[in-house]
Amino acid sequence: MKTKSFKLIGLTLLSMATLLIGCSEDEWLNEVNPNTITTDIFWETPTQFNSALTTVYGATQFQAISGGGLQFEMMLGDEAGTESWYGPFAFRNLTYNDGASQIEDKWSQLYIGIFRANQVINNIANADGSLFSEGEKEVIEAQARFLRAFFYFEVAHTFGGGIIRTEAIEGVDNLPGKFSSIEEITNSIIIPDLEFAKAHLPRTWDAANKARVTWGTATSLLGKVYLYGKEWSTAAGLFKSVIDSDIYELTDNVNDNFRHDTEFNSESIFEVAYSADLNPGAGGDAVDDNSFESGAEASSLARATGQLNYGAYNTVLPTYYMHELFLSDEIDPSNPVNYGFIQSQRMYGSIVPSNADGLYYGDEPGAKGWAYGQSSYVKKHSNWYHLTNEDGLSRSGINFRHIRYADVLLMYAEALLNSGGSVDQAIDYIDMVRARAGVITLKQYLADNGNTFPQLHISKQVHGTQPYVAPTAENVLTHLQRVERPLELCYEGHRYKDLVRWGIVQEVYDELRADEEWRINNFETIEEQAPLFIVQHTRPDFLFSSQNYNPAEFDYFPIPAAELQTNDGL
């Protein structure tokens with residue numbers, strides 16, 4: 001074997017010597033492998049551009065953007081708590097720093113997406129139009145520009161601004177860049193990109209391309225951009241155009257939005273695909289196979305939400321506020337969706353208390369015990385409905401929905417309430433979402449209670465009652481902020497951004513900390529008692545966050561330490 005090896009090496013060296021003798025040094029160094037695809041010849045055909053575009057979609061599948069990394073951001077609002085032995089604890093207490101993994105990961109992963117989008121956008125401008133069918137170049141560019149706008153929206157509203165890069169970085173000399181504000185990024189990148197996307201994207205795709213973005217995706221995000229910028233009338237007009245398009249409708253069952261087998265349904269506007277079936281040996285944290293058609297390998301978010309006794313980590317725990325809010329989501333007994341249920345459909349698909357309806361991972365809820373102050377667990381994003389245990393590799397095939405039609409309806413109602421629009425009309429759109437969930441509508445409360453409705457966000461356990469108020473624009477807006485959006489959209493990536501843009505973070509923290517203190521002081525009378533059935537102790541979710549919150553420091557993540565170390569422009 002050694003003799004054969006030496007002979008092969010000798011023949012190889014001889015061949016190389018012959019080649020070297022037959023050509024000059026410059027010719028040897030500049031020799032081109034004819035099978036190598038270079039940037040000089042790649043950016044030419046529609047197939048090549050679509051391949052590159054697929055990598056841009058693939059960046060949306062990074063865990064810090066649409067997967068397991070979002071558990072850390074869920075801690076920032078009023079929807080989730082955790083325990084001191086779990087990683088997200090520093091986010092719940094507002095004691096994280098610029099070296100935290102989610103901060104580093106989200107920044108880098110968003111800018112990878114921006115880099116990939118820039119490659120497509122920059123190169124398609126110079127592509128030979130004769131190689132494309134009519135309008136094909138514009139549709140490819142529109143998808144890339146939507147995705148770049150999405151990544152920049154996430155950068156701006158996660159970090160309070162960012163670095164504007166519109167060219168694909170080719171070396172370290174291109175890395176430095178100054179920090180730009182939310183307004184600068186919005187006006188120079190996000191709005192122009194979304195306007196282009198809105199003008200050139202199709203309204204629908206065929207079944208083979210159902211995960212691609214559309215006119216409705218671009219229009220909805222553009223409306224959200226203006227909503228965040230408090231340009232209420234413009235936002236309302238954009239949302240209304242989506243509503244009037246008749247492309248989207250609420251699913252009959254709200255829980256069809258949280259399963260792996262009812263994906264890309266009538267409510268889906270912007271959805272990131274995952275699959276538990278592709279590459280089955282890989283862990284859910286390793287995701288970037290660049291597929292928008294059948295999904296990436298898997299999401300790891302299910303392990304963060306499911307219960308520990310069923311193979312998960314339950315690092316994301318519903319706050320007592322969310323638990324009681326769902327209990328106040330009173331079902332309408334005349335609505336057939338509630339047949340056989342005691343609790344609302346929104347509770348059924350979102351959280352699971354020990355006395356919940358139905359089965360949980362094939363067991364009766366509470367069969368394996370609720371402990372350590374945990375009154376409920378998160379169902380949304382977990383595989384509770386079809387598995388007896390979570391995958392040991394943190395794999396889930398449940399897609400992540402960034403924008404769905406219910407969100408658009410609620411944002412439209414918010415825009416109406418803030419722009420001096422009809423309060424009755426805003427209530428109508430809120431009630432579309434409530435009726436689908438099978439709960440009593442605001443109009444029904446008003447009819448039954450002398451034109452008043454209850455303040456459902458106030459804890460009945462702590463305060464004994466929920467005051468009834470008139471349907472003024474201010475009161476309905478408070479209901480939308482404190483009741484409707486958390487109930488409908490909890491754990492979907494919106495909550496803390498909502499609280500920040502409304503300027504009510506401290507108010508919410510202080511209110512919920514006061515409720516916690518009441519529960520601590522009265523624990524002997526409430527332990528294992530309705531409505532929450534808390535066991536062992538009261539979990540102090542807001543003890544430190546209510547003390548530590550400072551809007552200048554915690555409304556947005558800091559620039560990651562690694563970026564500060566490498567970017568001389570900051």
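## Helix packing and local features in a predicted model

Helix α16 (residues 405-418) packs against helix α17 (residues 423-436) at an angle of about 160 degrees, and their axes lie 8 Å apart. The model is a predicted one. Angles over 145 degrees count as roughly antiparallel, and α16 and α17 are therefore roughly antiparallel to each other. The crossing of α16 past α17 is left-handed. On the α16 side the contact involves Ala406, Leu409, Leu410, Tyr412, Ala413, Leu416 and Leu417. These residues meet Val423, Gln425, Ala426, Tyr429, Ile430, Met432, Val433 and Arg436 of α17. By class, the contact of α16 with α17 has 13 nonpolar residues, one polar and one charged.

**Other helix pairs**

Helix α16 also packs against α12, at an angle of about 145 degrees and with the axes 9 Å apart. α12 passes α16 in a left-handed crossing. From α12, the contact takes in Trp232, Ala235, Ala236, Phe239, Lys240, Val242 and Ile243. From α16, the residues are Tyr405, Val408, Leu409, Met411, Tyr412, Glu414, Ala415 and Asn418. The contact of α12 with α16 divides into 12 nonpolar, one polar and two charged residues. Leu409 and Tyr412 of α16 take part in the contact with α17 and also in the contact with α12.

A further pair is formed by helix α9 (residues 136-159) and helix α10 (residues 182-200), with an angle of about 150 degrees and axes 8 Å apart. α9 and α10 are therefore roughly antiparallel to each other. α9 passes α10 in a left-handed crossing. Among the α9 residues in this contact are Glu138, Glu141, Arg145, Arg148, Tyr152 and Phe153. The α10 residues include Ile182, Ile185, Ile189, Ile190, Asp193 and Phe196. By class, the residues of the contact of α9 with α10 are 15 nonpolar, two polar and five charged.

The angles and axis separations of the pairs are set out below.

| Helix pair | Angle | Axis separation |
|---|---|---|
| α16 and α17 | about 160 degrees | 8 Å |
| α12 and α16 | about 145 degrees | 9 Å |
| α9 and α10 | about 150 degrees | 8 Å |

**Buried elements**

The protein has 26 helices and 10 strands. Of its 570 residues, 57% count as buried. Among contacts between residues at least 6 apart in sequence, 69% join residues at least 24 apart.

In strand β4 (residues 268-272), five of the five residues are buried, so β4 is largely enclosed by the rest of the structure. β4 runs antiparallel to strand β8 (residues 400-404), to which four bridges join it. Val272 has Phe400 as its bridge partner in β8.

Helix α14 (residues 320-327) has seven of its eight residues buried, so α14 is also largely enclosed by the rest of the structure. The buried residues of α14 are Tyr320, Tyr321, Met322, His323, Glu324, Leu325 and Phe326.

Phe453 belongs to strand β9 (residues 453-454). Phe453 is buried, with a relative accessible area of 3%. Neighbours within four places in sequence left aside, the contacts of Phe453 are Leu442, Tyr445, Leu446, Pro467, Tyr468, Val469, Ala470, Pro471, Asn475, Val476 and His479. One of these, Val476, is 23 residues from Phe453 along the chain, and the C-alpha atoms of the two are separated by 9.3 Å.

**Backbone features in loops**

Lys230 has a positive phi of about 60 degrees although it is not a glycine. Lys230 sits in the loop between α11 (215-228) and α12 (232-244). With a relative accessible area of 47%, Lys230 is partly exposed.

His381, likewise a residue other than glycine, has a positive phi near 80 degrees. The loop that holds His381 lies between β7 (376-378) and β8. His381 is buried, its relative accessible area being 9%.

A cis peptide bond joins Ala530 and Pro531, with omega of about 10 degrees. Pro531 is located in the loop between α23 (523-526) and α24 (545-548).

Definitions and conventions:
Residues numbered from 1 in each chain as written. Predicted model: local features only at pLDDT ≥ 70, side-chain atom pairs only at ≥ 80, totals over all residues. Heavy atoms only, no water. Axes fitted to C-alpha atoms, helices over the stretch in contact; angles between N-to-C directions. Helix = DSSP H or I, 4+ residues; strand = E, 2+ residues; numbered from the N terminus. Parallel < 35°, antiparallel > 145°, perpendicular 65-115°, else oblique. Left-handed = near helix turned anticlockwise from the far one by under 90°. Contact = heavy atoms within 4.5 Å. Nonpolar A, V, L, I, M, F, W, Y, C, P; charged D, E, K, R; others polar. Buried < 20%, exposed > 50% of the residue type's maximum accessible area, 1.4 Å probe, protein only. Pairing = 2+ DSSP bridges.
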